Amino acid sequence: MELREVNEIKKIIADIKCESIEAKYIETNNVLIVILDDNESDYHEIALVQDEKVYFFGDSYKEPLRIISLKEYLFILRDTWDRSEEHTSELQSHSFISYAV
């Protein structure tokens, strides 16, 4: 995994400013785990970033629901979260995984 891309993902996640969304990441053994929790709907999204691929897991965490490239993931993150705060309420109503699919 490219260090630049990992750092960009971490920065986007750290900069999420949304009251109902708790965003965090965990980095371990060349794997980046991104967790997005919607506190209002009790919805959770997990993305495991490893070897240029991103694996999205649902609530069961047994099998990935979708696998996309790291470049696609960065595009989705930028498009979803790199917006002004005036779009925050609009973004809260959209599931990240739904957007990715």
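Val49 stands opposite Val54 in β4, and that pairing is a handy way into the fold of this predicted model. Strands β3 and β4 run antiparallel to each other and share five bridges. The hairpin they make has two residues between the strands, and Asp51 there adopts a positive phi near 50°. Val54 also has a bridge partner in β5, namely Ile68. One step along, Tyr55 is bridged to Ile67 of β5. Altogether, β4 and β5 pair over five bridges, again in the antiparallel sense.

Zooming out, the sheet is an open one built from five strands, ordered β1-β2-β3-β4-β5, with antiparallel pairing. The edges belong to β1 and β5 (64-69); each has a single partner strand, so one side of each is left without a neighbour in the sheet. From one strand to the next, the twist averages 20°. Helix α2 packs on this sheet and touches β1, β2, β3, β4 and β5, with its direction at about 100° to that of β5.

Moving to the other end of the sheet, β1 and β2 pair in the antiparallel sense over eight bridges. Glu22, for instance, has Asp37 of β2 as its bridge partner. These two strands form a hairpin with two residues between them, and Asn29 in the turn shows a positive phi of about 45°. Next comes the β2 and β3 pairing, which is antiparallel over seven bridges. Here Leu36 sits opposite Glu45 in β3. The hairpin of β2 and β3 has four residues between the strands, and in this one Asp42 has a positive phi near 60°. As for burial, β2 is largely enclosed by the rest of the structure, because seven of its eight residues are buried.

Ile21 gives a closer look at β1, the strand in which it is placed. With a relative accessible area of 15%, Ile21 falls under the 20% cut-off and so counts as buried. What does Ile21 touch, leaving aside its neighbours within four places in sequence? The contacts are Leu36, Asp37, Asp38 and Trp81. Ile35, for its part, lies 14 residues from Ile21 in sequence, and the two are 9.9 Å apart in space, C-alpha to C-alpha.

Then there is helix α1 (residues 3-14), whose 12 residues reach 16 Å from the first C-alpha to the last, close to the 16 Å expected at 1.5 Å a residue. Which residues of α1 are buried? They are Glu5, Val6, Ile9, Lys10, Ile12 and Ile13. These cover an arc of only 165° around the axis, which puts them on the same side of α1. The buried set packs against β1 (21-28), β2 (31-38), β3 (43-50) and α2.

Buried or exposed: where does Lys10 fall? At 17% relative accessibility, Lys10 counts as buried, because the cut-off for that class is under 20%. This lysine is part of helix α1. Beyond its neighbours within four places in sequence, Lys10 is in contact with Tyr25, Glu27 and Leu32.

Last up are the aromatic rings. How many aromatic pairs does a search of the whole structure find? There is one. The pair is formed by Phe56 and Tyr73 in an edge-to-face arrangement, 5.8 Å centre to centre with 65° between the planes. It links distant parts of the chain, since Phe56 belongs to strand β4 (residues 53-57) and Tyr73 to helix α2 (residues 70-81), 17 residues apart. Both Phe56 and Tyr73 are buried.

Terms used. Residues are numbered from 1 along each chain as its sequence is written. This is a predicted model: local features need pLDDT of at least 70, side-chain atom pairs count only at pLDDT 80 or more; totals for chains, interfaces and linings use all residues. Side-chain values use heavy atoms; hydrogens and water are left out. Rings of Phe, Tyr and Trp (its six-membered ring) pair if their centres lie within 6.5 Å; planes under 30 degrees apart count as stacked, over 60 as edge-to-face and the rest as tilted. Buried means under 20% relative accessible area, exposed over 50%, partly exposed in between (1.4 Å probe, protein chains only). The expected span of a helix is 1.5 Å times one less than its number of residues. The arc is that of the directions from the helix axis to the C-beta atoms. Contact means heavy atoms within 4.5 Å. Two strands pair if DSSP finds at least two bridges between them. Axes are lines fitted to C-alpha atoms, for helices over the stretch in contact, and angles run from 0 to 180 degrees between N-to-C directions.
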